[in-house]
Every structure is written in C-alpha cells, then in structure tokens.
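Hi,

Here is the structure I promised to pass on. Have a look at it first, then read my notes below.

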Amino acid sequence: MQPRRLATLLLCVALVSSGGVAMSAPAAGQELVIANEADLTVLDPIRIQEAPTSFVAGLVYEQLVRRTHEGKIAPSLAERWKISPDRRTWTFTLRKGVKFHDGSEFDASVVEWHFKRALDPREGSVFRGQFSVIEKITVLDPYTIAFTLTAPNVAFLDFVMLTNGAFIPSRRAFETLGAEFPFKAVGTGPFRWGQWVQGQRVVLERNPAYWGTQPKLERLVIRPILDANTGVVELETGGVHYLMRANRDDITRLEKDPRFVVYRVPTYRARFIELNVSRPPFNDLKVRQAVNHALNVPEIINALASGMAAPVDTILPVKSPFHPAPGTYTTYPFNPERARALLAEAGWQRSAGGLRKGDQTLRVTLHSPNGRYFADKEISEVICNRLQTLGIECRVRVMDWSAFLDDVRSGRFEAAFLGWNQSSGEPSLFFDALVATGGRGNYAKYSDPALDQVLKEGLIAFSEGRRKLLYARATDIVNRNAWYVPLSNELKIAITSSRVQGYVHSAPLTDFVPVWMK
Amino acid sequence: MWQYIVRKAFAAIPVLLGASLLAFLILQLAPGDPARLVAGEQASEDDVELIRQRLGLDRPLHIQYLRFLQSVAAGDLGRSIRTGRAVRDEITARFPYTMELAIASLLLSVTLGVIAGVLAAVRPNTVYDYGATLIALTGISTPTFWLGLLLMLLFAYYLGWLPASGRGGPLWTVAGLASIIMPAIALGTPSAAIISRLTRSSLLEVLRQDYVRTARSKGLAERVVVLHHSLRNALIPVITVVGLRLGALLGGAVITEQVFSWPGMGTLIVTAISSRDYPTVQGAMLVVATVFVLVNLAVDLIYAAVDPRIRYE
C-alpha cells in the first residue's frame, strides 16, 4: 500500500506541477500581432528615419550598446568600452560568437565597414552629418575597434551609437542581396526577418541562434494600420494585440475595460513654440517674455492633451537625468498683467486697432503643422487666441508638413509649433541641436557665445555632477532669453490585450523578448 | 472597328502626356522640398544639398520632366525618392489590390444601383420609389470614411462576422472574400446611389416612348417590356456613367484604403504626396490615367456595340 500511495502522491505532484508550468509558461507557436502606424520604407540602417521603420528595425538589428528600461547604457554587441584620457578615442571590445541571421560572423571588420559606409557621401546616409564627429575608425584586433573623434565628446554613445544609423547589418547580406538589401533586415537581434508583404504585414520569427535571452514568442506579426480608429476596432476584435496610438477618448474608454491594459510614460519628445529672434517682433526680449507670461501652458496642455502629453517649462525633457530641479532656473508663470507691462515697456501701446508702436501693429503668424504632433493645430489655435486677448494680432498658419518644414528651415516664420524627438534624455542631443550657434535644429539662428561655451564644456565634462551643473546653467540661459515657449513632453503610449504578459513599458526601450501570451 | 480603336488609342497619347505634365507641375508648384524630407528633420544643409544632387532635383524643371518622359518611354518609371525601390515595383505590388477593390465596388454598385433604379422607375411615386430615393440620397451624402467606420462597428465589432481591416488573402478564399465586403460597400455606395438615380430617370423616359406603348399593346408581359425592350435602351447613358465611376472609384479608394488598411495604391499615393516623392506620384498618376483612358475606350466600344447609331456616325 505504502509504495502505491507514494506513487499516487508523486503522480499528483507531477500533474499539478506540470499543470502549473503549462499555466505560467507560454505555449509553443505563440504570436503577437502589433499595429504599426505605417508600412516600412527602407531597412538599410543608414537611411532609416521614420518611427514605424525604426521600430521594426530595432527588433531585428542591434547596436554596440543599448538602453535599459531605466535609461542606463548597457552592453549589447560590445561587451565593454573605454574612453581615452583625452576623451577623443572610444575603444569597444566586441562580443565573441555572435552570428548574423544569415550565419555570417559578427566582428570588428563588419562594424568598421558599416560606419565607413555611413560616412560615405555616395551611400545616401542620412546620418553622415551626425556621424562626422568620427575622425578615424581603427580595427585593433578582430574583436576590438576604436573610434577617434574630431573633438572630445562624452555623449558619443547617445550621439552616434544609439541612433538608427548604428544598427549593424550583415555585410554578407549587403554583398549578396544587392538591390534587395534595403528591403530585408539581416541583423543579429532576437527576431529574424520572415516576410514583408507590402502594405499588409511584416513577419518576424524568433532567432533560435540568438546570443542573449531567447524570446518567448515564436513570431511577431506587424500590421500597418494607418487609421487610429481602425486600430482600436482591431484591438477590440482581437485582430491585433499591441497598439501604439489611439484617440484620447478611446484610450480613456479602453482604460476602464479589463480586456485591455493601457500604458503611458513621458518620453524624450519635446514640444515647444519656437520664437524667431532673427525678425520682428520676437527680436525683442521683452516681447518674448511677454508671450511666455501670457500663456497658461499647463492649463492649455491639460485641456487639449491630457493623458497624451505632460506640460513642461524647459526644452530639455523632464525625464532627462540632467533636468534641473524646479526653482533653479528662470520660468514664466502665467501672469497677463506682467505680460501687458512688458509689452508696454517694449513700446507697444494699446489702441483701438490693437497694440501699436508708431505706425506698426503687433502682428504674429504662428506656423503650425496639422497632425504631426499631438493636437498641434488645436494647441496653436488656443495659443493664438490667448495672445489676441493681450492685443496681439495673431494668426495661425496651418501647413502641410513638407511646406511647413520648408518655411521653418529657411527661417521664414515668426513663431512655429515644433518638436524635437530623441531616444534618450542626454542633454546635448537637445541643447547642441536646438540652441547652439549653427545647431541642426536652430532654425531661428539663436546665438549666445556664453551658452556655446557652457555646451562645449558639457561635452567634455566626465563627472555627472559637473554636467548637471552645466546643463542647469544652459537651461537657465535659454529660459532667460525666452527663445521658446516650452509646451509639453508627449507620452509614449501602448495599449495591449490583457493576454499580453511580461511586457514592460518604458521611454527608452520597447522589448518583446520577455513577452508571452496568456 | 479596328480603325476606330486605333484612332481612339492615338487620341489617348496627348491625354496621358497632359496628365503626366499636370501631375509633375502640381507637385513642383506645391511648397515643400523632397530633399529636406528625405534628409530628415535633423540633417545639415550640406546633407540636404547632397541628397538633392543625388536625386537629380538640382536640375532645371524641364530637364527633370524630359528625363522622366524618356524613362517612361523605355518602360522605366524611375525610383521612389522615399524608398529607393523601382516605382514600377511599388505600383505592381499594390495596383492589383486597388483594381480588385474598385471592380468589386463597381459590381456591387451596378447590381444594386440598376435593381433599385428599375424598381423606382416601374413604380414611380410609390413607397419603392421614395425608399430608393431616400437610400440613394443617404448613399451620396454619406462620407466614405464615416460609412466605413459604421460598417466596421456593425460587422466587425458588434456582430463579429467580418474582419475589421486588412486584406485576408486572395479573393477566392473565404478570408479574402470576407475582407473585401466592407471596403467594397463603403466605396461602392455613392456609385450605387448615382447609378440608381440615373437608371430611374433614363428608364422612366424610355417607358414613355412609342415603341414601349406598341410592345405593351401587343400584349407583352410587363416584365418583358421593361427588361427586354426598355432597360437595354435605358442603360446606354448608364454605361457611360459606370465607366466614369470606375475612375472615381480608383480615386475614392484612397480614403477607403486608409480606413480599412487595404494595401492598394491609395495608401501609396497619399504617402508619396506627403513626402513629395515625385517619381512615385508621377508613376501612379500615369498608371491611373492610363486605366482611366482604357476604361473610356472600352466604354466607347461598348457604346458602339450597344447603340448601332454611333457606329454609323
């Protein structure tokens, strides 16, 4: 009797435990269907710039380093790296035994080939300008490679190694695929290329030879769904399991539905009104300050974009580890009286026809895209409306994106609703581009030698404490000059079916490796 | 007959040239620089200039247009600025889907439109007539995207009968057929409404003709009088409109394709226009214009076949 009882007990334990495993572990052959905002364009890393393509590329390709959910930089294809004492040379020790999806070996020669290609003007790289900080690439041995920069730069990893252009593709794929290379991603990542049916779906399969943790899902199916309403219906009818955008009302509704989980987190997507200091009326500091005081930004953003964007008072995203503490930099609290006084000090007197200085009337045209950023047109209209209450003759000029970009880049604007997206909160990615003399996104041609000096120091300072101080000073200089009206940081949103398990939502990383379906 | 076809085909050449020139000029006149868009928001001026040279956008307009025509004559529609893929491949990958959607919508609209039109004409000023008028007015006035969303809510969300969006596969499969039903209804409804109104008025006019009175006085059944003797003549103007509607369906597919994530030309054209992808827009416009010209040619031929008077002229 005794052995039989024991056997029965053991059998029960085995059944229960196997049942337990079956309940918590993913079943074989699982797939996750993701709605993407658009179809892919080109998968050649040096030409990837749209978010929908970048999203898929990030699942197939890898970079030498990666970001963690906490925003820290961690090893990926490079196991470790070091900076030379003069801060100009970065040496990476590469991971051994990594293979591309086509079976070719990953080593320093591939990394060298890729970055040299990204710098070659004949290759059509959109990262050539950004990567031109690289002066020389030296392969020290098959698994060690050094990048010498034109000038010291402690933000090199953010500036170069964490961009789309730093995804390392297979050299063999480049040589064998020929004209098809830009349309098939062959990388080293946890998912490998399956199929792309244009306009319909992209299928990525689990990479069984992945060097890191194996994905739990067998397959990812990425469907381009252009219309936000259609995406929501697809999610609700089980056609997709993971959605990256929806209308505000739908999100509020889905949040209350137990069949779905809504995730939101502030990201490094800054939205602001850029005031053009190169032409009147915003060449006058007092007018810029007046406009800043005249707008109740938190009220406007919360009314038009609550749940989709968070109001801010700096151009550096609040999630940045270098964002200064409140109270340590100049701000412009909502104060219409102060705004009026500043305009009067600037010589603008109220009259029947608005604000006048001699024979001039205070007129402002606010350039706005339509749908490029969340509620851009609506926010612009409210801003203009508020400025009108102050007596400023304000008009919103809503434009098609390409025409808008043309006007803004040529400096043909007085004020413009603009955004700056980065994949991390590294402050130089914002300040050097937006406000340094000659910066890539410095469309209003701001120039302040004192600020340039601070930003230069920010790129060579090793200590995090020192950098924090420098960027706090930069924040204050920008705000004191009132070059911008900072508006918001857009949130990163994901809505998943409640069957989706193991998903962690964070600003720096979208990772499907630990995800499985209940 | 062949002479007629050849003459019509030659007449199509200036139409196609005009369409391509128009597409080219409209895009060139629209503000926005494709080189800037390709280069990205964060590119430097030097990079933008390099890209402009690489794309050949630094050349004078007439040279750009002539080069385009030269390539078209050689069967090459150029390369997409946005993706670098051959425009011919981009169009080949998507055009069949737009055509299948347009044809499905046309079949649906002709069937529904003619039935509703005949019913309204044979029973004028009755509940059938008023009902058909009301449905037709609603059909014409309803925006396609809104109708699409309503259909999606009803058939996909509440009833769960049809997939919400996407193309389920080839049309001979159940999944494929199920996936085209809603987009075809959404796209075809305004055409069905127009065809029904036209059939009604045209048939009403024919039914008043002397030969119809003669047919009736011979003692023919009303069904035979309407379907055999009157409808054939009444459908002559409808044929022209059906041809024109196919063009409208190809154009209207842009919105329907967006709503239903249908992988056709509409989505391709919208993306190409917003990114100032000149070669793709020009190529797509040329293909759509060619189809339009061919359909009109077919309509002319059918017309000649149906109405002998046209041949004699």
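A quick definition before the helices: the angle between two helix axes runs from 0 to 180 degrees and is taken between their N-to-C directions. Keep in mind as you read that this is a predicted model.

Now for a pair in chain B. Helix 1 (residues 2-29) of chain B packs against helix 12 (residues 278-306) of chain B at about 150 degrees, and their axes are 9 Å apart. Angles over 145 degrees count as roughly antiparallel, so that is what we call helix 1 and helix 12 of chain B. Their crossing is right-handed. Among the residues making the contact are B:Ala12, B:Leu16 and B:Ala19 of helix 1 and B:Met285, B:Ala289 and B:Val293 of helix 12. By class, the contact between these two helices has 15 nonpolar, three polar and two charged residues.

Next, which residues of helix 3 (residues 45-54) of chain B are buried? They are B:Asp47, B:Leu50 and B:Ile51. Seen down the axis of helix 3 of chain B, these fall within an arc of 95 degrees, so they line one face of the helix. Their cover includes helix 4 (128-131) of chain A and helix 2 (34-39) of chain B.

Most residues other than glycine have a negative phi, and most peptide bonds are trans.

- A:Ala375 has a positive phi of about 50 degrees and is buried, with 22 C-beta neighbours inside 10 Å.
- B:Asn125 has a positive phi too, near 60 degrees, but is exposed, with 8 other C-beta atoms within 10 Å.
- The peptide bond from A:Pro280 to A:Pro281 is cis, with omega near 5 degrees.

Cheers

Conventions
Residues are numbered from 1 along each chain as its sequence is written. Chains are lettered from A and ligands numbered from 1 in the order in which they are written. This is a predicted model: local features need pLDDT of at least 70, side-chain atom pairs count only at pLDDT 80 or more; totals for chains, interfaces and linings use all residues. A residue is buried if 20 or more other C-beta atoms lie within 10 Å of its own, exposed if 12 or fewer, and partly exposed in between; C-beta atoms are placed from the backbone. Helices (H or I, at least four residues) and strands (E, at least two) are DSSP runs, numbered from the N terminus. The arc is that of the directions from the helix axis to the C-beta atoms. Two residues are in contact if their C-beta atoms, placed from the backbone, lie within 7 Å. Angles under 35 degrees count as roughly parallel, over 145 as roughly antiparallel, 65 to 115 as roughly perpendicular and the rest as oblique. A crossing is left-handed if the near helix is turned anticlockwise from the far one by less than a right angle, and right-handed if clockwise. Ala, Val, Leu, Ile, Met, Phe, Trp, Tyr, Cys and Pro count as nonpolar, Asp, Glu, Lys and Arg as charged, and the others, Gly among them, as polar.
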